[in-house]
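Please look over the chain below before reading on.

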Amino acid sequence: MRTVHRPCTALSHGRTSPPLELCSAGSEAAPRAPRTEMPQRCAGDKAAVSLPPLVFRSPPSAAVTDAPGRQASPGSALSPGAPGSAALSPLDPCSQPLCRPQAEKRARAAPDVHYVAAGPQGAACGWRAFAPGWLQAFNTPRGFLLFLCAAAFLQGMTVNGFINTVITSIERRYDLHSYQSGLIASSYDVAACLCLTFVSYFGGNGHKPRWLGWGVLVMGAGSLVFALPHFTAGAYDAQAADGVGTCGANRSVACGDGASGLSGYRLVFMLGQFLHGVGATPLYTLGVTYLDENVKSSYSPVYIATFYTAAILGPAAGYLIGGALLNVYTDVGSRTELTTESPLWVGAWWVGFLGAGAAAFLTAIPILGYPRQLPGSQRYVVMRVSETHQLKDSGPTAASNPDFGKTIRDLPLSIWLLLRNPTFILLCLAGATEATLIAGMSTFGPKFLEAQFSLSASEAATLFGYLVVPAGGGGTFLGGFFVNKFKLRGAGIIKLCLLCTLTSLLASFIFFIHCPNVPMAGVTASHSGSLLPDGHLDLTAPCNADCACRPEHYSPVCGSDGLTYYSPCHAGCPGAAVPSPSGQKVYRDCSCVPQNFSSGFGHATAGKCTSTCQRKPLLLVFIFVVIIFTFLSSIPALTATLRCVRDRQRSFALGIQWIVVRTLGGIPGPIAFGWVIDRACLLWQDQCGQQGSCFVYQNAAMSRYMLISGLAYKVLGFLFFAIACLLYKPPSESADGLGASLPSQSSASDNATDLPDAPSALQPHSDV
């Protein structure tokens with residue numbers, strides 16, 4: 001071991017930053033306990049992109065133990081040969097050895113560690129000059145998380161709750177086709193893809209709370225725009241049509257292109273959705289990175305998981321509130337003869353958007369008052385750097401400049417740096433496969449349950465909500481909890497994603513099991529009751545031939561013989577329904593329903609016959625397992641993404657990842673699943689000779705196609721996670737990197753109060 005005496009030098013952090021001077025006190029100084037001073041992050045409106053000076057003081061007569069060939073950082077304050085370095089006297093503090101020899105250092109007690117403020121003093125929470133003292137109680141990570149969760153809850157409730165709930169009512173009210181309503185829904189993702197690059201790139205280097213606050217304001221404006229057609233289109237005028245669909249009272253349907261001018265309002269709806277997408281873009285990029293920057297790295301997954309859990313609970317509230325509002329007539333206060341069961345009924349779809357818009361404005365105000373960084377966040381900078389995935393080389397020197405990423409000229413280099421990171425690319429592709437499954441199942445999961453268990457649309461949506469809310473919300477939160485509980489880092493996080501994907505892949509084999517179709521006369525069974533496994537469309541029979549039933553009137557009824565009929569007309573029911581003591585509508589004297597001596601003449605009850613499938617509990621349990629393990633990997637995958645890119649590229653990396661996830665998963669996912677499910681259709685809607693939506697699916701084929709799709713995407717996701725785990729390189733100890741020497745990086749403890757052995761951790765490496 002050799003001992004080297006050198007002048008006071010500064011260690012560069014890999015970026016252009018103020019020097020970190022390591023000096024020792026003069027020999028004349030009175031003896032005192034050594035002190036290690038490290039900065040807290042107290043930033044205001046100015047970007048804190050570099051580390052303030054770190055001053056490490058120790059008594060004289062120490063020696064620097066160094067490795068052969070080790071040189072000072074290029075950012076040294078005084079380097080050998082520099083002017084003034086030779087003039088140092090032996091008593092100069094900077095000419096004394098840096099560290100004590102091992103024997104002498106062991107004799108001294110471990111020093112205390114103190115944090116001192118070394119940044120701008122503008123970290124107060126408030127709006128310009130208005131920053132009252134009571135408001136500073138919210139100037140904490142938990143306070144910011146509260147308002148950020150409120151914004152995410154509103155976004156989920158509006159976009160994923162209200163929109164999906166009221167889309168049918170909007171189609172009926174404004175004479176829209178299905179593909180037009182599809183354009184309305186996709187406008188959100190289109191806006192997000194267009195804005196993600198610029199918001200994540202410039203917002204990542206700017207004042208994140210202001211970007212977030214203005215985004216929430218834009219999102220609220222989108223909700224108000226979405227509700228605007230209700231106030232400009234006039235009153236809704238519809239009349240009930242009693243008796244339509246029964247034998248002898250069947251009415252003709254006027255076919256034609258008589259489209260009203262109301263269909264033009266689809267452009268207003270698209271504009272509202274576009275604003276929703278623009279406003280929500282900062283939430284899942286800048287919001288996540290702001291949380292990660294201002295909390296301990298071990299606590300970050302819990303904070304992010306809480307944030308995403310609020311975003312998942314939002315749609316649940318949207319379905320409940322939106323469904324309740326649809327039971328209120330759209331023209332509130334007006335009387336109508338329509339009932340909620342009428343095909344012409346339109347509920348108060350617009351009320352929820354007004355409330356969401358007002359709540360968004362109120363939520364944006366406190367978010368706009370937060371500082372650029374929360375007080376005390378500087379201590380977590382080095383911890384994040386220590387976990388960053390190591391590339392083959394350090395990359396261009398320009399990427400270490402504190403001004404890097406502030407201009408559009410740096411955009412190509414930023415993209416190139418991310419493309420050169422194989423772990424990041426593979427995590428993006430794995431996220432896209434998971435997003436495809438989530439988007440496809442959230443769209444067609446209720447339809448799958450409706451077909452398998454012969455449920456109504458509302459019953460299927462409610463049952464699916466009972467599955468998704470605890471599985472999705474619980475899985476999201478548990479994913480962050482496990483990362484924090486087991487102190488997972490780097491490759492360990494990716495291995496957790498790998499385990500979750502494998503578990504959900506194995507659970508997907510439950511789709512081998514299916515419930516048989518409920519017999520439907522003329523579709524899956526003959527009118528005599530014999531089953532037709534492959535389906536055979538023949539709705540007309542001698543018993544209803546004289547009724548001249550039209551295919552446009554689809555209103556299934558359940559006969560007393562256990563068969564489902566296309567409509568009361570196809571069941572041969574001559575009269576209108578009468579209410580039964582249980583409240584159901586009952587059609588009497590139906591000619592196609594065989595007589596039952598125990599209950600009199602054949603009759604039919606409105607609605608499809610219930611399924612007697614005994615496999616329903618098993619299917620629901622395994623579907624729950626698939627959902628919870630799919631969401632369980634979401635927060636670990638997001639945490640792994642934050643840990644595998646450079647600190648200054650985190651927001652931009654999340655923006656790029658969201659673009660990949662939406663482009664390859666979120667947008668094509670429902671289209672791909674819809675195309676696959678349509679292959680299992682047995683009975684299509686007939687709209688004046690044109691094919692509409694599907695009425696009856698073949699359950700066996702639907703389960704088979706769902707199995708193939710699920711396995712294909714799960715296998716791809718498993719492969720992407722496995723390769724990412726193999727290619728991930730843990731952090732290497734850098735000779736000139738502060739991240740390899742500071743004790744606060746220890747995976748065992750990253751808290752300031754857990755560092756009693758700081759001097760030993762500060763000792764440079766030596767050759768023995």
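A polar contact is a pair of N or O atoms within 3.5 Å; within protein, one atom must be able to donate a hydrogen and the other to accept it, and residues adjacent in sequence count only if both atoms are side-chain atoms. This is a predicted model, in which local features need pLDDT of at least 70, side-chain atom pairs count only at pLDDT 80 or more, and totals for chains, interfaces and linings use all residues. Residues are numbered from 1 along each chain as its sequence is written, and side-chain values use heavy atoms, with hydrogens and water left out.

**T436 in α11**

The side chain of T436 reaches the backbone oxygen of A432 at 2.8 Å. T436 sits in helix α11, residues 422-453. Helices here are DSSP runs of H or I with at least four residues, strands are runs of E with at least two, and both are numbered from the N terminus. Is T436 buried or exposed? T436 is buried, because its relative accessibility is 2%. The cut-offs are under 20% relative accessible area for buried, over 50% for exposed, and in between for partly exposed, with a 1.4 Å probe and protein chains only. Not counting residues up to four places away in sequence, T436 touches L664, G665, G669, F673 and Y713. Contact means heavy atoms within 4.5 Å.

**The chain as a whole**

The secondary structure comes to 19 helices and 12 strands. Of the 768 residues, 51% count as buried. Take the contacts between residues at least 6 apart in sequence: 78% of them join residues at least 24 apart.

**Two helix pairs**

Two packed helices are described by the angle between their axes and the distance between the axes. Axes are lines fitted to C-alpha atoms, for helices over the stretch in contact, and angles run from 0 to 180 degrees between N-to-C directions.

Helix α2 (residues 141-173) and helix α5 (residues 266-280) have axes that come within 11 Å and cross at roughly 165°. α2 is therefore roughly antiparallel to α5. Angles over 145 degrees count as roughly antiparallel, under 35 as roughly parallel, 65 to 115 as roughly perpendicular and the rest as oblique. The crossing of α2 and α5 is left-handed. That term applies if the near helix is turned anticlockwise from the far one by less than a right angle; clockwise is right-handed. On the α2 side, the contact uses Q155, T158, V159, I163 and I170; on the α5 side, F269, Q273, H276 and A280. By class, this contact of α2 with α5 has five nonpolar, four polar and no charged residues. Ala, Val, Leu, Ile, Met, Phe, Trp, Tyr, Cys and Pro count as nonpolar, Asp, Glu, Lys and Arg as charged, and the others, Gly among them, as polar.

Helix α4 (residues 208-232) packs on helix α6 (residues 286-293) at about 145°, with the axes 10 Å apart. Their crossing is left-handed. K208, P209, W211 and L212 of α4 meet L286, G287, T289, Y290 and E293 of α6. The contact of α4 with α6 divides into five nonpolar, two polar and two charged residues.

**H276 in α5**

H276 is found in helix α5. Its relative accessible area is 0%, so H276 is buried. A polar contact of 3.0 Å joins the side chains of H276 and S223. Leaving aside neighbours within four places in sequence, H276 is in contact with T158, V159, Y188, M219, G222 and S223.

| Pair | Separation along the chain | C-alpha distance |
|---|---|---|
| V166 and W350 | 184 residues | 8.6 Å |
| F718 and T501 | 217 residues | 5.9 Å |

V166 is in helix α2. V166 is buried, at 2% relative accessible area. F718 belongs to helix α18, residues 699-727. F718 counts as partly exposed, at 26% relative accessibility. Leaving aside neighbours within four places in sequence, F718 is in contact with L498, T501 and L502.

**Positive phi**

Most residues other than glycine have a negative phi. Phi of K487 is near 50°, a positive value in a residue other than glycine. K487 lies in the loop between α12 (457-485) and α13 (491-507). K487 is partly exposed, with a relative accessible area of 43%. Phi of A548 is also positive, near 50°. A548 is in the loop between α13 and β6 (557-559). A548 counts as exposed, because its relative accessibility is 55%.
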